[in-house]
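I am opening a new page for this structure.

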Amino acid sequence: MAEIKQLKDPVSRRRFLAVGGSTTAVAAFLAACGDDSGTTTTTSTMGSGGGDETAQFGKGDVGILNYALTLEYLETAFYADVVKSGLFKGAELETIRKFGAEEAEHVKALTAAVKSLGGKPAPEPKTEFPLKSAKSVLELAGTVENLGAAAYLGQAANIQSPEVLASALAIHSVEGRHAAVLNTLLGESITPDGAFAKPADVQTVLKSVEPFIVG
Amino acid sequence: MNEKLSTPELAAVEIDAEGGDLSRSDVILKGALAAGAVYGTFMVGPYVRKALAMSESGDVGILNFALTLEYLESTFYEEAKTRAKTSGELKSLLNLIASDEQQHVEALTATVKKLGGKPVAEPKFDFEYNDTAGFLKLAQTFEDTGVSAYNGAGPMIKSKEVLAAAGGIVQVEARHAAAIRLQNKDEPAPVAFDPPLDEKQVLKAVEPFIV
């Protein structure tokens with residue numbers, strides 16, 4: 001998590017504001033609402049609209065969906081590898097299976113959504129994850145889920161189609177649930193960003209998952 | 001457990017997909033919402049259309065609607081500090097959530113004002129429960145309903161800034177929901193897609209607690 005937080009420079013000012021208590025949280029919320037103080041954080045975290053940030057994955061909503069699809073493929077592969085690793089038993093294994101199954105449903109839904117917009121679904125990346133111990137795997141899972149939730153949040157306002165937005169929101173909150181469960185298992189705060197979750201931009205997210213994508 | 005109210009058993013949301021064309025009238029909420037039963041296995045298609053069936057309302061209207069829900073949650077958790085008989089880990093969780101909800105109230109109030117609107121007045125609430133289990137059951141209902149309310153309202157929000165900010169709140173509500181569900185030994189993320197609820201459905205769910 002520490003690594004990821006460092007990478008989130010564009011939002012660090014708001015993160016700082018948000019931890020200072022309720023008064024500053026209002027300031028943080030207003031900053032996110034495009035306060036007229038000329039803050040640059042809003043634009044940097046929200047992009048300039050139309051899914052420009054995700055252009056490498058396709059135009060507009062297709063690009064955003066394909067970006068999300070790539071992340072969901074990664075999560076699905078991760079959980080499948082973890083299940084196979086034999087590192088978990090009992091209730092924890094069941095949780096991992098359940099989360100993996102939900103990520104797989106996200107893959108299906110996003111693939112269908114890309115096709116319905118006339119786009120070409122992003123290919124499934126080849127992945128490899130370090131699966132050394134149960135603890136390190138849970139930590140990685142926590143990182144991936146918190147990042148996934150932040151990734152959806154970072155794109156929500158860029159989505160053009162209300163239907164696509166509704167789908168993304170329905171997935172976004174489930175990623176938030178997953179993240180909270182993993183944070184609980186890790187003994188970490190369920191809301192590491194405080195009362196207002198912070199978005200992550202595409203560059204930050206891709207840089208964070210790059211080590212797990214091979215070829 | 002109180003006879004009159006008990007805790008709200010949220011009945012099923014029924015989706016009648018005649019001809020694949022869903023409108024709000026096709027979606028029936030039976031009684032108060034029951035989080036567990038609300039969750040079905042529906043595909044993307046039906047529920048996005050359901051979300052879009054939410055009544056037209058400007059951003060101020062949506063924010064004030066969210067503010068009402070946050071008032072409810074904030075009051076509920078604040079009261080629970082002295083009523084719910086929590087200790088240890090649950091007590092810490094309660095304090096954390098209470099603080100988050102209070103910050104949501106303040107942020108939404110400020111945002112309504114900033115948009116030139118008038119923040120809705122804080123309603124009076126009445127939460128009937130007698131023990132920790134009763135508190136947790138209600139908490140689960142409120143958090144799941146909150147998530148679904150924001151998800152349902154999201155596509156109606158016109159301002160990108162307000163949408164991004166609401167997204168930052170709903171994710172926190174989802175995290176609360178998962179943590180409360182863990183306390184209840186319930187599935188923290190019961191379905192792959194959190195179902196949206198429209199304004200009418202949400203109001204029906206929270207009405208019993210507004211006096």
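How many residues has helix 8 of chain A, and how far does helix 8 reach from its first C-alpha to its last? I find 24 residues (162–185) and a reach of 35 Å, close to the 34 Å expected at 1.5 Å a residue. The expected span is 1.5 Å times one less than the number of residues. Helices here are DSSP runs of H or I, at least four residues, numbered from the N terminus.

I note the ground rules. The model is predicted: local features need pLDDT of at least 70, side-chain atom pairs count only at 80 or more, and totals for chains, interfaces and linings use all residues. Residues are numbered from 1 along each chain as written, with chains lettered from A and ligands numbered from 1 in written order.

I checked burial next. In helix 8 of chain A, 21 of the 24 residues are buried (20 or more other C-beta atoms within 10 Å of their own, C-beta atoms being placed from the backbone). Just after helix 8 of chain A, G187(A) has a positive phi of about 75°.

Then I looked at chain B against chain A. I see 44 residues of chain B in contact with 46 of chain A (C-beta atoms, placed from the backbone, within 7 Å). Helix 2 (44–52), helix 4 (88–114), helix 5 (132–153) and helix 6 (160–183) of chain B each give two or more residues to the chain B side. Helix 6 of chain B gives the most, with 18 residues.

How values were computed:
A residue is buried if 20 or more other C-beta atoms lie within 10 Å of its own, exposed if 12 or fewer, and partly exposed in between; C-beta atoms are placed from the backbone. Two residues are in contact if their C-beta atoms, placed from the backbone, lie within 7 Å.
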